[in-house]
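Reader: I have a model open and want to learn how to read it. Where do we start?

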Amino acid sequence: MVVVAAAVGAFVVGLDVSGASPARTDAQPGSGASTAQIAADSLWRTAPADDILPAKLDREGSEAYYRLAINPDEGCAQLPATFRGALGKAGCAHVLEATYLDSTESVVVTLGVVVVGGTAPERSALFQNWTADSYARQYPMMPAAFPVASSQASSFHDAQRIAWKSAISEDGDYLTFAVAGFADGRQGPTAAAFDLGNESELQSDSPPVQAADDLSAYLLTSITALEPTPNGSTS
């Protein structure tokens with residue numbers, strides 16, 4: 001399990017003050033929700049990527065991932081049409097993403113959060129219908145790579161993608177995803193090979209495959225950890 005990075009602290013502080021969850025979106029004026037709850041929901045929906053995507057991610061042992069740059073494009077159109085279609089009626093509100101490099105400078109990862117739109121029932125239906133393992137084997141679903149100029153990720157384009165994985169919150173309020181490849185610019189599998197999973201880079205012990213799986217789960221866990229427990233404290 002990945003350790004939650006302290007770099008999300010700015011966001012944590014805002015939540016500790018309000019005691020509210022970052023993942024709830026139904027609190028609106030006139031709904032009976034407290035002012036603090038409404039403010040916390042607004043914070044989650046409008047918080048900048050710098051507060052959500054930490055500067056450093058710590059995995060097991062000494063492995064770490066360092067953020068190279070944040071994608072300034074937060075539009076949903078950057079997601080593949082098949083990905084957006086899988087969101088169903090809930091749809092996409094906006095996307096936050098950044099590209100990271102591991103401490104060995106061998107793996108690059110574009111890590112993102114899809115803030116989901118729609119109503120609570122529509123988001124609940126999305127949670128029930130989202131099949132991360134199945135989608136991870138569908139090449140057209142894979143989000144684009146975000147290359148970073150003048151860095152080891154400058155050659156990380158779509159053709160260099162090796163693997164991707166996603167995760168979804170239990171209330172369907174947000175999705176996380178990770179798209180990974182090698183930092184040396186080597187080509188990823190073709191669409192046909194990817195769907196079959198028959199190249200060595202796609203095996204479970206391949207570093208990009210492990211990174212995609214671990215970091216998508218990491219980000220989901222780090223956000224979920226900020227939600228309050230029944231006694232009102234954050235977990």
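Reader: What percentage of the 235 residues of the chain count as buried?

Author: This is a predicted model. In it, 47% of the 235 residues count as buried. The chain exposes about 10,100 Å². Carbon and sulfur atoms supply 54% of that area.

Reader: How many helices and strands are there in the chain?

Author: Eight helices and six strands. From the N terminus, the order is α-α-α-β-β-α-β-β-α-α-β-β-α-α. Now take contacts with a separation of 6 or more: residues 24 or more positions apart account for 66% of them.

Reader: How do I read a pocket? Which residues line the largest pocket?

Author: General idea: rolling a probe the size of a water molecule over the atoms shows where empty space is left. Here, the largest pocket has a volume of about 170 Å³. Its lining is D133, A136, R137, A163, W164, K165, F194, L202, S204, V209, A212 and D213. Two elements, β5 and α8 (207-224), each give two or more residues to that lining. By class, the lining has seven nonpolar, one polar and four charged residues.

Reader: Now a single residue. Is S169 buried or exposed?

Author: Buried means under 20% relative accessible area. S169 has 3% relative accessibility, so S169 counts as buried. S169 is in the loop between β5 (163-168) and β6 (174-182).

Reader: Which side chain makes a polar contact with the side chain of S169?

Author: That of D171, at 2.7 Å. Leaving aside neighbours within four places in sequence, S169 is also in contact with F127, Y174 and L220.

Methods
Residues numbered from 1 in each chain as written. Predicted model: local features only at pLDDT ≥ 70, side-chain atom pairs only at ≥ 80, totals over all residues. Heavy atoms only, no water. Helix = DSSP H or I, 4+ residues; strand = E, 2+ residues; numbered from the N terminus. Buried < 20%, exposed > 50% of the residue type's maximum accessible area, 1.4 Å probe, protein only. Polar contact = N/O pair within 3.5 Å; in protein donor to acceptor, adjacent residues only side chain to side chain. Contact = heavy atoms within 4.5 Å. 1 Å grid on protein atoms, 1.4 Å probe; cavity = no way out; pocket = protein on both sides within 12 Å on 5 of 7 lines; lining within 4 Å. Points joined across faces, edges and corners; volume = space filled by probe spheres on them. Nonpolar A, V, L, I, M, F, W, Y, C, P; charged D, E, K, R; others polar. Areas by Shrake-Rupley, 256 points an atom, 1.4 Å probe, with all protein chains shown as cover.
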